[in-house]
Amino acid sequence: MFIETKGLKKSYGEGGSYTEVLKGIDLGVAKGEMCVIQGTSGSGKSTLLNCIGGLDTIDSGSIAVDGLKIEALKGEKLSDYRRDNLGFIFQFYNLVPNLTVRENIQVCEYLSKKPLKIDELLTVLGLSEHQNKFPSQLSGGQQQRCAIARALIKNPKVLLCDEPTGALDSKTSREILILLEQVNKQYGTTMLIVTHNNSIKNMVDHVIYIKDGEIHKDYRNEVKVPAKDLEDL
Amino acid sequence: MGGILFKRTLRDLKAGAARYIALSLLIIFSLYLVISLMGAAYTIIDNSERSDKELVTEDGEFTVFVPLTDEEINELTQKGITVEEMFSTDYRLNSDQVLRAFKVRTHIDQIGLVRGELPKTDSEAVLERRFAEENGYEVGDTIELAGQTLTICGIGATADYNNVVRNLSDSVVSSKAFGTIFVMPDTYDQMLSSGNAIASEEYNYAYLLNGAMTDNELRTILEENEFDLRDVRDEYFLDYWEEMTGRKDELLEGIDELSDGANELADGAEELDDGVNEFSDGITELRDNMPDLVDGTSELDDGAGELEDGIRAYTSGVNEAATGASTLSEGASQIAQGASTLNSGAQEYTAGLSQFSNSVTAMTQSQDPYMAGVAASLKDPVDSLNSGFAQISGGISELSNGSAELQNGAAALSDGLGTLSDNSSALVSGANALHDGTSELADAAIELSDGVDELYDGSEELRDGTGELADGARELADGVSEFSDEANDLIDEVFNIKTRNLRMFLPVCDNPRIGAAADDVVNTLSASIIFGILLVMLFAYVISVFVVHNIDSDSAVIGALYSMGLKRRTLTLSYVAIPVLVCFVSGVIGLLVATLTPFGIAMQMQDTLSYYSMPDVKVTLSPVLYVYGLVVPPVTAFIVNVLVIRSRLKKTPLALLKNERKVSRGKDLKIKRLKFIDMFRIRQMLREGRSALTVLFGLFLCLLIAFLAIEVNVYCSRVKTDFVDYTNFEYMYTYKYPTEEVPEGGYEAVVESFKKEIYGYSFDVAVVGITEDNPFFDTGDLPDNNTDVVIGSAMAYKYDLEVGDEFTLEDSSNDRLYAFRVERIVDFAASFMIFMDIDECRELFGEDDDYFNAVFSDHALDIDSGRLYSTLSKSDIEKTAGIFVNQMSAMIIAMSVTPAVIFVVVLYLMLKMMLDRSSFNISLVKIFGFRNKEVRQMYLDGNFYIVALGSLIAIPLCKAIMDYIYPRYMVNNVGVGVDSSYSMSMYAVIFAVILILYLIISSVLVGRIKKIDPTEVLKNRE
C-alpha cells in the first residue's frame, strides 16, 4: 500500500479530560487512489489526516507513506517529508492575503525540485485570468482553486484535503470536486479527502468510515459516480 | 521563494506605511542625532590628536622663580629634553577684560591659525580664537594693550590654552573676559616694561620629554636647580625675601625651645616612670599578702561561729538549770512540808513515847513484880526508843531545817539561774552580731583581695604605660633634637641666598587647560553610542510588536505553509525583513543627514567649539560612524525581532492552523469581586502585555533622556544662580608676595591650594583660613582645631561629602596628604573651598601668627599688582556663571523635545496596535450594545494606569540612574559642584506632562474606536 497505517492510536488530554481519538486504525490506500475518509464530527477523521500529514504525533502504531515510516521523523526531516511528498488543501484555504494568486502558488513552487508548470496549472484550474488578483478579490471557489493549485504545484505524491468543500456552496463544491477528479486522473495523485459530505464518497475509489475513533467501514467502490453527476452536494 | 515572500513583505510595508514612516522618521532623527554627536566627538578627538602632532603639544610645563640660566637649559637639552619659554604677563584690555600676553612660540604649543598669519612686525599680534569670537575681533582690527597699538594679523589657538581658564583652579571658561595674545619678543618686552601688567610676569616653560626621561625624573632634576637671589629683579619678591629672612632667628629660637621642652618632658616622664614602678612594687606586695588576710578573716569568722554556737548551748543549759532549780525548789518545799508534818508526828510520837516511858517507869514502880518486871524489861527498850526517837526527832528537825534551807537555796538558785538566763540572751545576740561581723569581714577581705588584684593589673599597665611614655618622651626628645639639627640645616638652606628655583611642575596629564575638549566629548561619545543602541532597540522592539501581530493574524497561513514543508528559517527571515529594512534605510538616511548636511556633525561640534579654543577643525568621518549607521540598526533589528518572533514561529503547524494561543501565567488570572468593566480592563491589559511592556520601555528610555536634559538644565541654572548668590565678596586678591600689613578695608586670609581626585579627574581645592569677623562666609563659629573644617557647598556636592565625613587633600608638590573632617557645610559654589580658623590654618601650614596670602573685600583695594597672583572679582564670577546655560540651552531643548516626540509616537503606535488587534472584539461588543465610552474604558483606559504607574516607578528610577551617571560620566571633568536635587513640583510637572501626552493620544484614538464598524468587521471575518 502506498499509504499504510497499523494500530494507529492517538489520544488527547490527561485524567478526566483524557480522550482517545483514534483507537487503533489499520488502513491502506493504494497509489493513485482517491480515498474519502468520512465520519461524524469528532470521529477522528481530521486527526487521522493530520497524523498522516505529519502535523500531529501519534501515541502508538505506525504510518508509512511510500515506504517511509513517518512516526520516527522529527524537525527538519518531517519538514522534508512534507515538502517532498505532500500537498494540503484546507477548508478555509489559508492563502497569504497580500500575495496574488500566482505568487501564492509560487510560494510552494519554490519548495519543489521539479514543480509543475505554473501557467499550465493556472489554466487547468481556471485561474489564468485571476492570477494577479489578491485572495480578497476572489470568490470562495476561486480561493480554494488557488489553494489546490498551491498544493499541486509541487506535484506531490499525496494530496491531503481537509473538508475541501466545507466552506463552499453546492455549485462551487462540484467544481472543486471535478477539479480534484481531473487532477487525480491527470497527475495520478493519491488523495485523502476528509469530508462529512455523504455524496463525495460516490466519486472516489476507496471509502473509509470512521466512528468513535475506529474504522467502521472500509470498502472500495466498484462503480464510481463522476463528480459532475454527484447529487446533494 | 525568498523573492516571493519578499514581495509580501513589501506589501506589508506598504500597508503599514504610515506607522513605518513614523517609526522610520524617529529612527532617522535618533540616528542623525546620535551619529552627528558621535561624529562631532570623533572630529574633536581626531583634530585634537592631529593638532597635538602638527603643533607640537607640550608634555608638560613648569614655573620657576627666576628664569633658567643658559647652562641649565643646555643641561636639559643635552639630556634630550626640549624646553621653550612660555613667559606671560596679564594686561587689562579694558575694565573687565584681561589678555594674557605671550611671545610667539617657535617649537612647542605652536599657534594653530584659524585665519590670518603669524606676526611679522612688532605691531602685529595673533589673538586667541574664542576671545576674538566672543568680542567680535577680526583680522585687521587693532587693539590698545599695555601702551602698544597692535594689529590683529591672525586669529588662532594653542594647545596649552585649549580650555581658556585664567587660573588653573577656575572651573568655568569666560572667553568674553579672558583670552591670550601672541606678539613678537620685542613687543612683549616693551609691554612688560610699560608697567601696565596687572600681575607679575610668570616664568613658565613648556617641555618635551622626547622619550629621554619621565616627568618625575625631569621634576627631580628641576628641583635640584637653585637660583641666586642676586639674579632676581622682581622688587616684590626681594621685599618678600627680606621679610622672610628676618624670621630666621625667630625660627631657630623656637626650635631650641622646642628641643628643651622635649628634654624636660623626657626627664619628667622618666621620673614618673620611677614613681609608678615603686607604687607598682607596693601593690605587688600587698597583693602577695592578701591571701593571708583572707584566710585569717575566714578563720575568725569560723571561731565567731563556734563561739555563737557555744553561747547558744550554754544559754540552753542555763535555762534547763533554771527549770531544774525551780523543780528543786518545789521538791524542797514539799520536803519541808513533809518534814514539818513528820516533825509534828514526831512530837506527837515523842509525847506518846514520853507518856509510854513514864508509864513504864511508873510500872516499874508497880508492885506487881510481874508488872514491875515487865516494866523493868521495857524500860531499856523504851529508853532506847526514846533515845532513838530523840535522835530521829532531832534528825527530823534537822531534815526540816535542811529542807527549809534547801527550799531557800533552790529558790535562790532558781532566781540566780533566771538572771543568768536573761543575761545569756544578750550574750547570744552579741555572739550573733560578732559572727555577722566576722562574716562581712571575711567577704570584705575577699573583695579587697580582688580589688588588690585589679589594682595590681592596673599598676602593671600603668608601669608599662609610663615606661612607654618615658621611652616615647625620650625618643621625642631625640627626635626633636634631630629635627632641631635638620631644621637648622633647612633654615640655613632656606634662608641661604641660593635656593630651589622650581615653583610649579605640571605634566600634561594634570593640566586642565590641555586636551579638555577631547576629554569633554569622550563622555558624549560613550553616552551617544549607548543611547543610540537603546533607541534602535526600542524602535526595533516596537516593530517586532507589529510583526508579532502579523504572525498572529497569519497563524493559519503560516501553519498551511509549514504543512507543505516551508521551513521556519525562511519564514523567520521574511518576517524580520521589515524591521531590518526599515532600520537599515532609516540608518542610511540618518547617517547621510548626520554626515553630509550642515545640521549634522558640523552643527553638533559647535557646542564644543564655542567653549574650547581649538585651531581650525575639519569634520572627520570615522569608519565607526558608518558601522553605527549602516550595521547597528539592521543588526539590532534583526536580533531583537528574531528573539521576539522565534517563539511564535516555533509552534507546530497544527497549532498554527488552529491558531492555538498559549494562556500564559497571569493571563488566566481569576478576577472576582470586580465590576465587569474593571475586570475586562485588567484582562485586556494582561492580554496586551507585550505592547504595554514596549510602552513602558519607551517611557523609561524617554524619561532617561528627559532627565538628562533636566539634569543638564538644573546643573547649568544652578551654576548661574549659585555662583553669584553664594559669593558675598566683591574681590578676592591672592598674593604672590604677601605684605606685612593687611590693606585697609580687606579681610586677610590664608589660602593653600591642594588637589583632590574624583571620577578620574583631579581638581584644585583651596583650604581657606579666615578671621572670625570675615563677613563674606557664613561659616558660624569655626572649630578650634585644624582637622575639623567647614566646607563650601560646591565641595560637598562634587565630592559627596556630608557632616561628619572624613576626607583627604593631596599636596602633590610635597607628596603629603592632609586629613580633615566635615564640621559644617556652608553655601559657596564658585569654587571648591574649605574653611578653617585663620590661626589654625597658620599653625597647620607652619606659618607665622600674622601670615596671610589672600584678602577678601567688598570693594576694590589698592594693592600693587606685582605682588598678586590673581584677582577674582564677583563680576568675573557673574560673567562665567551664565556660560553653561548659554552654551547648553539648544541642547537642553533638543533633549527635552526628542523624548517627548519619541514617547508620543511609540505610545500612539502601541495603543493603536492594541485597538487594531482588538478590532474584531470591539465590533462584537458594539454589536452587543456597548457604547463607545464603555468600549474606551474596556480597551483603552487600562493603559492610563499602566502609563501612570509606569511613570511613578520610572521617574524616581530615572532620577536615581541620572544622579549616578551624570556626575560620574557627564560632568566628571568639570570642576563644579551644585545641588542636583529637584523640587517636588518638578516631579509633579514631569508626571503631569506624561499624563497630558497620554490623554491627547487617547483622545485621538477614541476617534478610531468610533470608526470601527461592527458589521464590516464581521464581514471580513473570513
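In the predicted model, confidence within chain B is lowest in helix α27 (residues 1014-1019), at a mean pLDDT of 49, and highest in strand β6 (residues 124-128), at 96. Here pLDDT is the predictor's confidence in each residue, from 0 to 100. Over residues 1016-1022 of chain B the pLDDT is below 50, and this stretch has 6 contacts beyond near neighbours in sequence. Two residues are in contact if their C-beta atoms, placed from the backbone, lie within 7 Å. Where pLDDT is low, the predicted coordinates should not be read in detail. Chain B has a mean pLDDT of 85, with 95% of its residues at 70 or more. The model scores ipTM 0.70 and pTM 0.64.

Residues are numbered from 1 along each chain as its sequence is written, and chains are lettered from A and ligands numbered from 1 in the order in which they are written. In this predicted model, local features need pLDDT of at least 70, side-chain atom pairs count only at pLDDT 80 or more, and totals for chains, interfaces and linings use all residues.

Chain B contains 27 helices and 22 strands. These are DSSP runs numbered from the N terminus: helices are H or I, at least four residues, and strands are E, at least two. Of its 1022 residues, 37% are buried (20 or more other C-beta atoms within 10 Å of a residue's own; exposed, 12 or fewer; partly exposed in between; C-beta atoms placed from the backbone).

Helix α5 (residues 185-193) of chain B buries T187(B), Y188(B) and M191(B). Seen down the axis of α5(B), these buried residues fall within an arc of 100°, so they line one face of the helix. The arc is that of the directions from the helix axis to the C-beta atoms. Exposed D186(B) and S193(B) sit on the face turned away from the buried side of α5(B). The cover over the buried residues of α5(B) includes β3 (88-94) and β4 (97-103) of chain B.
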